Amino acid sequence: MIEHPIVSEPRWRDAGFLQSLGPGYWSELPAQPLPEVHWVARNDALAAELGLVDWLRSERALQVLAGNAPARAAPPLASVYSGHQFGVWAGQLGDGRALLLGEIDSPSGAQEIQLKGSGLTPYSRMGDGRAVLRSSIREFLCSEAMHHLGIPTTRALAVVGSPQPVVRETVETAAVVTRVAPSFLRFGHFEHFAHTAGDAAALRRLVDAVIERYFPACREAPVPLLAFAREVALRTARLMAQWQAVGFCHGVMNTDNLSILGLTIDYGPYGFLDGFDPMHICNHSDHQGRYAYARQPGVAWWNLHALAQALLPALGDGDPQQHAHALGEAIEPFKAEFESSMLHLLRAKFGLAAERDDDPKLIDDLLRLMAAERTDYPIAMRRLAGFASAEGAANDGLRDLFIDRAAFDAWGLRYAQRLRDEHSIDAERRLRMNAVNPKFVLRNHLAEQAIRRAQAGDFTETQRLLKVLQRPFDEQPEHEADAGFPPQWAQQIAVSCSS
Ligand code: AMP
Ligand code: MG
């Protein structure tokens, strides 16, 4: 007798958070089907966390995640938001190519499941509602890479591909990424109800519901909204510190691309630093360098002001000036939190267990030298773990990365002395440092190799790279090539907003 294993479906909640807000916040609509769909990548590790391992292997999952079959009785939702793009108010935006299938109960809590690239929505504006294979693989790999680096992010469960042509600079093919997060709400959702809809009651409802569901600790505060604004500022500050420490550049930090939960969201023209260049611009379309690496924390601060501005009408009656002042105070801790998080992360990256007043100077001096020479950031930080602190130690592996050997040697003497001062034990420190300085980051050329293979119909490289990136701190000697310097051709890779 043929056995028919019963594959358990995702456990959809009847009414998810977004749906329960009511129709002013979204539009209901089905996904647009795609022809001849196939799996491009599946994330078994995430599927296991969600209790969906068997489901993800099923033909039904393929059709659901392609947008070809309904996930459940209730139709998907596209949410409406607005935002500031490149510092300019852009008005209404919204999920132009994303659809929320719903919210599931899982062993790791409630999670929203969203398709990206599933067709036109009422918010598609001039777009086609689609995502191409290239950008979908980039999002899939990077969100998982970030998660395993310990950086808050939306997750990616799968990528489905289709031969359907999609026109960008060239003709590419369509794909759909399945994204997973407790919520995909952005700063822009709040800006929408404050400025575009001009509906203080709707804004208030959104704020109250978000606090109730995602920031319950803020309910106890005298003014929950202010506590909420403060908490968002703190989370954003910590996220920025994590981005900076690992050398991650987002590329499009518009207010509609900043998560209210402090997650990394909307992977487009992102990049990881190769050579250390504070003014590195990863987005080819960012001509002014507004979102350059070193500017990210400042941009986040700017975006928090936009959020505070949007929250103003939700404070209700009273003196507007006083309210503005209170909101300003609420987000103010961003700066101190960013600085202390950054210093904490950098001390760990430099293997400094004790805290000394001149640590920032010591750290900064190496970074300045690296900036002057464009020293490879991930490789230099990883090699720093092998630094021998004994007097006269050669430290060639690290030293060889620098052109100005004298400058490095001078710094090395100070560092060695600093380590000896805290009685640092080399072997023990190396273990600590290797657990915070990743060996493997998703450099552009690694993603590009996986993409080129996938575009030729071979998805094994995407799956292999996913596995490597799920253990970024482990040595994995068999994948040494993924931890090397970027090849010459990597400089030709141009990543723009087009996705
Ligand atoms: P982004 O900056 O890429 O996150 O996108 C900004 C806005 O444009 C969002 O509202 C997206 O939903 C929308 N958008 C981007 N690409 C497309 C597309 N191909 N079709 C429809 N909407 C899109
Ligand atoms: Mg976006």
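Student: Is Gln 476 buried or exposed?

Tutor: The structure is a predicted model, and the answer rests on a computed accessibility. Gln 476 is found in the segment after α18 (460–469), and this residue has a positive phi of about 40° although it is not a glycine. Buried means under 20% relative accessible area. With a relative accessibility of 4%, Gln 476 therefore counts as buried.

Student: Phe 86 has a positive phi as well; how does this residue count by its relative accessibility?

Tutor: Phe 86 is found in the loop between β5 (82–85) and β6 (88–92). Its phi is about 50°, although Phe 86 is not a glycine. Residues between the 20% limit for buried and the 50% limit for exposed form a class in between. The relative accessibility of Phe 86 is 31%, so Phe 86 counts as partly exposed.

Student: Which residues coordinate the magnesium ion (ligand 2)?

Tutor: The donor atoms are OD1 of one residue and OD of another, at 2.0 to 2.1 Å. The coordinating residues are Asn 257 and Asp 266.

Student: How are α6 and α9 oriented to each other?

Tutor: The axes of helix α6 (residues 187–196) and helix α9 (residues 296–311) come within 8 Å and cross at roughly 40°. Angles under 35 degrees count as roughly parallel, and 65 to 115 as roughly perpendicular. The crossing of α6 past α9 is left-handed. The two helices, α6 and α9, are therefore oblique.

Student: How many nonpolar residues does the contact of α6 with α9 have?

Tutor: From α6, the residues Phe 187, Phe 190, Glu 191, Ala 194 and His 195 take part. They meet Asn 303, Leu 304, Ala 306, Leu 307, Gln 309, Ala 310 and Leu 311 in α9. By class, the contact of α6 with α9 has one charged residue, three polar and, as the number asked for, eight nonpolar.

Student: What is the handedness of the crossing of α5 and α17?

Tutor: Helix α5 (residues 133–148) and helix α17 (residues 444–455) have axes that come within 10 Å and cross at roughly 130°. α5 and α17 are therefore oblique to each other. Their crossing is right-handed.

Student: How many charged residues are in the contact of α5 with α17?

Tutor: Leu 133, Arg 134, Ile 137, Arg 138 and Leu 141 of α5 make the contact with Asn 444, Ala 447, Ala 450, Ile 451, Ala 454 and Gln 455 of α17. By class, the residues of this contact divide into seven nonpolar, two polar and, for the class in question, two charged.

Student: Which residue just after α4 takes a positive phi?

Tutor: In helix α4 (residues 59–66), Ala 61, Leu 62, Val 64, Leu 65 and Ala 66 are buried. These buried residues pack against several elements, including β3 (38–42), α3 (53–56) and β7 (98–106). Just after α4, a phi of about 85° is taken by Gly 67.

Student: What is the C-alpha to C-alpha distance of Ala 390 and Asp 426 in space?

Tutor: Ala 390 is found in the loop between α13 (377–384) and α14 (396–399). The relative accessible area of Ala 390 is 47%, so Ala 390 is partly exposed. Ala 390 and Asp 426 are 36 residues apart in sequence, and in space their C-alpha to C-alpha distance is 9.0 Å.

Note on methods. Residues numbered from 1 in each chain as written. Chains lettered and ligands numbered in written order. Predicted model: local features only at pLDDT ≥ 70, side-chain atom pairs only at ≥ 80, totals over all residues. Heavy atoms only, no water. Donors = N, O, S within 2.8 Å, 3.2 Å for Na, K, Ca; no water. Axes fitted to C-alpha atoms, helices over the stretch in contact; angles between N-to-C directions. Helix = DSSP H or I, 4+ residues; strand = E, 2+ residues; numbered from the N terminus. Parallel < 35°, antiparallel > 145°, perpendicular 65-115°, else oblique. Left-handed = near helix turned anticlockwise from the far one by under 90°. Contact = heavy atoms within 4.5 Å. Nonpolar A, V, L, I, M, F, W, Y, C, P; charged D, E, K, R; others polar. Buried < 20%, exposed > 50% of the residue type's maximum accessible area, 1.4 Å probe, protein only.
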